[in-house]
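Please read the sequence and the model below together. The paragraphs after them go from the whole chain to single residues.

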Amino acid sequence: MGVTIFFVISGFLLYRPFVRSHLHARGKIALESFWWRRALRIFPAYWVALIAAILLFRSTSLHGFWDYTRHFLLVQIYQPKYGLAGIVPTWTLAVELSFY
């Protein structure tokens, strides 16, 4: 239930600026700046957490270049039976990115 609520709230917050722009006739929101802001909010903190998990805590089961690459790019959910190998809760970030 918590994951469902998270995605509903996340979707609402992401879509809200587009609705507000439409209702107040402000014109279209620049998608390039939207994507850039989203990437700056998600990736730097995620990369720090992933590097910390790998180096400090040794809590991931990643092996080889492609395992690390998948996780650093948040595309690990597209590998069958693999989405939970790195930092387990980050599968939600990968799913959220797929909806962007």
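Predicted model: local features only at pLDDT ≥ 70, side-chain atom pairs only at ≥ 80, totals over all residues.

Residues are numbered from 1 along each chain as its sequence is written, and side-chain values use heavy atoms, with hydrogens and water left out.

The protein chain has four helices and zero strands, where helices (H or I, at least four residues) and strands (E, at least two) are DSSP runs numbered from the N terminus. In sequence order the pattern is α-α-α-α. The radius of gyration of the protein chain is 16 Å, well over the 13 Å that the globule rule gives for 100 residues, so the chain is more spread out than a compact globule. That radius is taken over C-alpha atoms, and the rule is 2.2 Å times the number of residues to the power 0.38. Along the principal axes, the C-alpha atoms fill a box of roughly 50 × 30 × 25 Å. Of the 100 residues, 27% count as buried, meaning under 20% relative accessible area (1.4 Å probe, protein chains only).

Helix 1 (residues 2-23) has 22 residues and reaches 31 Å from its first C-alpha to its last, close to the 32 Å expected; the expected span is 1.5 Å times one less than the number of residues. At Tyr15 helix 1 bends by about 35°, and Pro17 follows within four residues. The bend is the angle between axes fitted to the seven residues ending there and the seven starting there. Ser10, Leu14 and Ser21 are the buried residues of helix 1, and they pack against helix 2 and helix 4 (91-99). Ser21 counts as buried at 8% relative accessibility. Leaving aside neighbours within four places in sequence, Ser21 is in contact (heavy atoms within 4.5 Å) with Arg26, Gly27, Lys28 and Ile29. Just after helix 1, Ala25 takes a positive phi of about 50°.

The largest nonpolar core has nine residues: Ile42, Phe43, Tyr46, Leu50, Ile54, Leu62, Leu74, Ala85 and Ala94. Helix 2 (residues 31-57) gives the most to this core, with five residues. Such a core is a set of buried Ala, Val, Leu, Ile, Met, Phe, Trp, Tyr and Cys residues joined through side-chain atoms within 4.5 Å. Not counting residues up to four places away in sequence, Ile54 touches Thr60, Leu62, Tyr68 and Phe72.

Technical notes: Buried < 20%, exposed > 50% of the residue type's maximum accessible area, 1.4 Å probe, protein only.
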